[in-house]
Number of protein chains: 4
Amino acid sequence: MDLSQREAAAQTRLEPVWFDYLQGGAGEERTVRDNRDAWGRWSLRPHYLRDVRGTSAATTLLGTPSPAPMVVAPTAMHRLFHPDGELATAAGAAAAGMIYTVSMAAMTSLEDIAATAPGAPRWMQVYMFADRGITKACCERAAAAGYAALVLTIDSPVTARNLRNERNGFNVPAGLTLPNLAPPDAHDLDIWGIVGAYDPAVTPDDIAIVSAWGGGLPVVVKGLVRGDDARRAVDAGAAAVAVSNHGGRQLDTCIATARALPEVVDAVAGDAEVYVDGGVRAGIDVVKALALGARAVLVGRPVIWGLATDGAAGVESVLRELTDDTARALALCGVTSPHDVTRDLLT
Amino acid sequence: MDLSQREAAAQTRLEPVWFDYLQGGAGEERTVRDNRDAWGRWSLRPHYLRDVRGTSAATTLLGTPSPAPMVVAPTAMHRLFHPDGELATAAGAAAAGMIYTVSMAAMTSLEDIAATAPGAPRWMQVYMFADRGITKACCERAAAAGYAALVLTIDSPVTARNLRNERNGFNVPAGLTLPNLAPPDAHDLDIWGIVGAYDPAVTPDDIAIVSAWGGGLPVVVKGLVRGDDARRAVDAGAAAVAVSNHGGRQLDTCIATARALPEVVDAVAGDAEVYVDGGVRAGIDVVKALALGARAVLVGRPVIWGLATDGAAGVESVLRELTDDTARALALCGVTSPHDVTRDLLT
Amino acid sequence: MDLSQREAAAQTRLEPVWFDYLQGGAGEERTVRDNRDAWGRWSLRPHYLRDVRGTSAATTLLGTPSPAPMVVAPTAMHRLFHPDGELATAAGAAAAGMIYTVSMAAMTSLEDIAATAPGAPRWMQVYMFADRGITKACCERAAAAGYAALVLTIDSPVTARNLRNERNGFNVPAGLTLPNLAPPDAHDLDIWGIVGAYDPAVTPDDIAIVSAWGGGLPVVVKGLVRGDDARRAVDAGAAAVAVSNHGGRQLDTCIATARALPEVVDAVAGDAEVYVDGGVRAGIDVVKALALGARAVLVGRPVIWGLATDGAAGVESVLRELTDDTARALALCGVTSPHDVTRDLLT
Amino acid sequence: MDLSQREAAAQTRLEPVWFDYLQGGAGEERTVRDNRDAWGRWSLRPHYLRDVRGTSAATTLLGTPSPAPMVVAPTAMHRLFHPDGELATAAGAAAAGMIYTVSMAAMTSLEDIAATAPGAPRWMQVYMFADRGITKACCERAAAAGYAALVLTIDSPVTARNLRNERNGFNVPAGLTLPNLAPPDAHDLDIWGIVGAYDPAVTPDDIAIVSAWGGGLPVVVKGLVRGDDARRAVDAGAAAVAVSNHGGRQLDTCIATARALPEVVDAVAGDAEVYVDGGVRAGIDVVKALALGARAVLVGRPVIWGLATDGAAGVESVLRELTDDTARALALCGVTSPHDVTRDLLT
């Protein structure tokens, strides 16, 4: 089952309300499409007549080894897609050796996720709530549970409109909880109320605050598309920045991440790692991200397609295939490691 | 009901002859489509890590406060779309606090419109007729009825061909009147005869003439797409210019308004307010117009979709949603007011 | 009936083999489409606030007055489209006051065509045959019959492939003749043999030869797309050149005429008139051609749509509508005459 | 039967698994489409008013005369498409006078192919296997059988993913052999195992090695898209390079060959012949390749369409039609020989 077959299978398995939630985005969903298309607009200029024996996609991310320049992106509410929810995602990511970024809006407690695959690498994503105690508690719990980094999402100062969700009346099903941001006995959650409670005044100073709440954990600032914003984040202590427009879910017609990436790479100037997400579906996309200066990509929807179709095994399979596909694309381009990818592979 | 749902609902409710009249344009309708597409061709480069508490879309237009940088565009013959016609539009606009630009080709007298929502802000649109007394009378009545500005449409020196209307045999239904340009007892109006009676020799000198007819009211010159024309209008006394190609209804393959806007803004150089219309359907479009230097947008067809589907309540709803969507887009771009939007938000 | 309705009606009336012959082109018909699309890629930047009373499309072409900057293009074998054939075309063109360029491959003798509308302006198109006597005879007859110019088509040194015609087994129906190039009693003509007999060695020297055969008639060299070729033609005595790729019927992916036109205009530098054909369907296209430096356009397929649907009346109607539409487009652009169109109307 | 009709007929005749194998490519098959589209993005600027009598497409390739600047590209396993397999291809190519490049993955021994058309020009394609004795043996046999050149494919250091083949479970049918790379009694071949055995460490030094195995035969290095790689190949002794991305079968979103060609031509600087393949379907494409500096094109899939529909006669017909079409395109562009094509024919 290749990735587009998995996507089709996920559509078959999931109720439309959940599948639409997964696939959709803000407004007319132009950014959702642009993110994907922007990778395709770059053409590759592969090198041949080179020795590519031993090609490997392996790298390190904030010091943690990874079999590929790739991280499981934070995505919310995995029990909508599979009864095992985040526990399956965690098991699959661990089997593939990939860092799993747990969403603050997970339907499983971060401690249970950590317990299901004790030795696996894990990052914790957080939103800053206007009631900052909510975020503080989550950071403290993540640090206590051994998470290696905090991913602070900054692209949601207000709530975007998602027309598919509005038409479907999307909300959290009764009986399901979000134990990393609400009391575990809160069973009738209004997702729109929750996202409406995010702090509209997140500033660079909050990077150090979040890190401190996490006992000094490194902070990945996720959800920016401008060099100047990236520079401010790095100057304020971010260990990494993730070029992201929330998969097209926040601001329709936002610049595609593949287009925004070079400016951010230039502004960061090597002072932090740079990641990118949005529309990555194949090894060639990963190679292009590397060529544009990214250290790694974040993979969101494809992981959920794996989860929806096969639980933990599906997640593992998707991640292994992307890893293999990245190594294959590297070798076909004449390079043996992510660290050898250069800009002139693209045109 | 989001805006595209309203558009679909309007199509369901209206007879094809009226819906075609509403939606259509000149020739192959390339400009109708280009106007819309031109906004989408701009991508946004939002700022994050900023405090966006208290974001508001409010502004002033020719000194009149408005909840958003937005005006109800002049559109003709509202009784084709709802039995309450312009009275419903006026009530809806007033409820939303938005300036309503009454069309000279309204099917309700400008005095009745003024009476239906006495305190609401209102502008009056006029065409210059070859029989200039027609236009003079209308300007005088508007001034007497408390309209705050006159909008002089200049893009119709001759009659355009609209193939949909020709095929449908579109005309004013017997029994309906255009009391702001024809005697109120004229009940068998030929719209093609009327538009054929526009003056083909409107020149900059007419701006002061129209203003004088209105007792000194400020004049918005609407329907230009060139910097040199805009400069001539402003030098001749225009208080504002509206970049417009009549919604693609006059000259097919006319430059899209979003493309023409920057040249006009540069030529006007701050000496008058600059508005723009054509294809504005969401808050992100409004933000783009502001970033390109417009003071406000004019909204035409969406208001009629509201009118056709729900009368005054529909008009109000459309305008409120666009206002909210503009504030949301501002906040998502990291700015708290229309006055803080800068050009570098676009690429 | 607007022009696209006529096109559809012609398709209904004509047998597919003739309609395909009319509409089709070489290879994948990219140039057929590109010719049309190239006009649409230009946007208009109309002027307003100008006095456009008395706008007229009238001009002169090689000294002959014309109601519009437009000539009926030479197209072959009109009896395939209407039983009255070229006699109907001639009558329609004469009624509209337009110059009719008779094709050497007409199915009516040039003398009969001249006789049907004695006072009307007429040009005669010729191919150079390897048997040059064929062409010489035609030129002599045209001069004797009062034709005002010779149009020498140069874009057919060898026979192009037209896949529609090949699949349809297109050929001249038995019983029909081509009396301007073959003996009038030749009734079983093989069109492929005829076009295969064109001279593959037409050079600039032939321009003076053709003119001499016509008793000194001016020669329009038709079928070039390069400035250098145009310059050679003008230096060799051409009174006019027509930028044309034979309506996309000769060399697929040939540059679109609207794209090629400016280079030719520059090279000719006012030393001859420049015409253009290919994809002109509306007054806005004519204005664009003028803005790019053409003196006039040649109109081919639309005339045949008129002929096929209504005979002489259809031809007249198409030409009158295009004339009116050109005047309308001029006025909407703020100019009152073809001679006042300037390049900056386009972007 | 024109070429697109042949393609359609091949689809009708072949089982989907074989047709998909023939037509498909890597990943989303963007490069398959881009290769084709890239020719179409160039427009031709033909010359007229020139003497084009005696136009011929004939040229020489590595000193061998050819009726057109065209070679039969190496493609694998012809018995999947016609029972006569490579023997039919050889006979058809010989009848058309065209050089036939036999694939190392042919289903007929290179000696039998040579014997079927003794005097015809033939080249032998090889892959370098990690077990280099396999390649050495093939080169030695080709030299002994009178092949005039060796074509070393370098674009397959690792195995690409082809989703159509995966979904179809494509493999070599039992009973068919690949006698130029495996023992002739090997009847249960796993094509994926074979391509997985290619050497991932082919370097420029191997060019001389392959030539030496072939007793000094000239080597065409096939499968590069970069100027620097081409230069390395030529400096290492390549007699020619073929700009190719394996018909889009190796690296999806690889640069289209028509786009890559100019850079390679510049880098080679006349020190070797340059060929190109990918998407060539008509004489106009050949002329464009020549204008961009290629000496010839390689034609792959169209030959197989001929083979699948008509065996040897189909192959001959396709090659003759492409030859004629090339001569026609040359004449329509005003040039009489491939050697007279200049860059300024394109825009």
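## Cys138 of chain C

In this predicted model, for which local features need pLDDT of at least 70, side-chain atom pairs count only at pLDDT 80 or more, and totals for chains, interfaces and linings use all residues, C:Cys138 belongs to helix α6 of chain C, residues 132-144. Helices (H or I, at least four residues) and strands (E, at least two) are DSSP runs numbered from the N terminus. Residues are numbered from 1 along each chain as its sequence is written, chains are lettered from A and ligands numbered from 1 in the order in which they are written, and side-chain values use heavy atoms, with hydrogens and water left out.

C:Cys138 is buried, its relative accessible area being 1%. The term buried denotes under 20% relative accessible area, exposed over 50%, and partly exposed the range in between (1.4 Å probe, protein chains only). Apart from neighbours within four places in sequence, C:Cys138 is in contact with C:Met104, C:Leu110, C:Met124, C:Val126 and C:Asn180, where contact means heavy atoms within 4.5 Å. C:Leu110 is 28 residues from C:Cys138 along the chain, and the C-alpha atoms of the two are separated by 8.6 Å.

## His78 of chain D

D:His78 is found in the loop between β3 (70-72) and α4 (85-96) of chain D. The residue is buried, with a relative accessible area of 1%. Its side chain makes a polar contact of 2.7 Å with that of D:Thr75 and another, of 2.8 Å, with that of D:Thr89. A polar contact is a pair of N or O atoms within 3.5 Å; within protein, one must be able to donate a hydrogen and the other to accept it, and residues adjacent in sequence count only if both atoms are side-chain atoms.

When neighbours within four places in sequence are set aside, the residues in contact with D:His78 are D:Gly85, D:Glu86, D:Thr89, D:Tyr100, D:Met107, D:Ile304 and D:Leu307.

## Arrangement of the chains

Chain A is superposed on chain D by a rotation of 90° with 0.0 Å of shift along the axis, at an RMSD of 0.0 Å. This is the relation of a four-fold axis. In chain A, the C-alpha nearest the axis belongs to A:Arg41, 11 Å from it. Superposition is by least squares on the C-alpha atoms of residues with pLDDT of at least 70 in both copies.

A rotation of 90° with 0.0 Å of shift along its axis likewise superposes chain B on chain C, with RMSD 0.0 Å. B:Arg41 is the residue of chain B that comes closest to the rotation axis, at 11 Å (C-alpha). Chain A and chain C do not touch, and their nearest C-alpha atoms are 22 Å apart. Chain B and chain D also have no contact, with their closest C-alpha atoms 22 Å apart.

## Interface of chains A and D

The contact involves 29 residues from chain A and 32 residues from chain D. About 2700 Å² is buried between the two chains, 55% of it given by carbon and sulfur atoms. A:Tyr48, A:Leu49 and A:Leu332 supply 31% of the area that chain A buries against chain D, more than any other three residues. Buried area is the accessible area (1.4 Å probe) that two parts lose on being put together, summed over both.

Between chain A and chain D there are 4 salt bridges, each defined as a side-chain nitrogen of Lys or Arg within 4 Å of a carboxyl oxygen of Asp or Glu. A:Asp2 forms a salt bridge with D:Arg167, with the closest N and O atoms 2.9 Å apart. On the side of chain A that touches chain D, α1 (3-13), α3 (30-41), α12 (283-291) and α13 (301-332) each supply at least two residues, and α13(A) gives the most, with 5 residues. This side has 11 nonpolar, 6 polar and 12 charged residues. Ala, Val, Leu, Ile, Met, Phe, Trp, Tyr, Cys and Pro count as nonpolar, Asp, Glu, Lys and Arg as charged, and the others, Gly among them, as polar.

## Interface of chains B and C

Here the contact takes 32 residues from chain B and 29 residues from chain C, and the buried area is about 2700 Å². B:Arg161, B:Arg226 and B:Leu251 supply 24% of the area that chain B buries against chain C, more than any other three residues. The count of salt bridges is 5. C:Arg45 forms a salt bridge with B:Glu263, the closest N and O atoms lying 2.6 Å apart.
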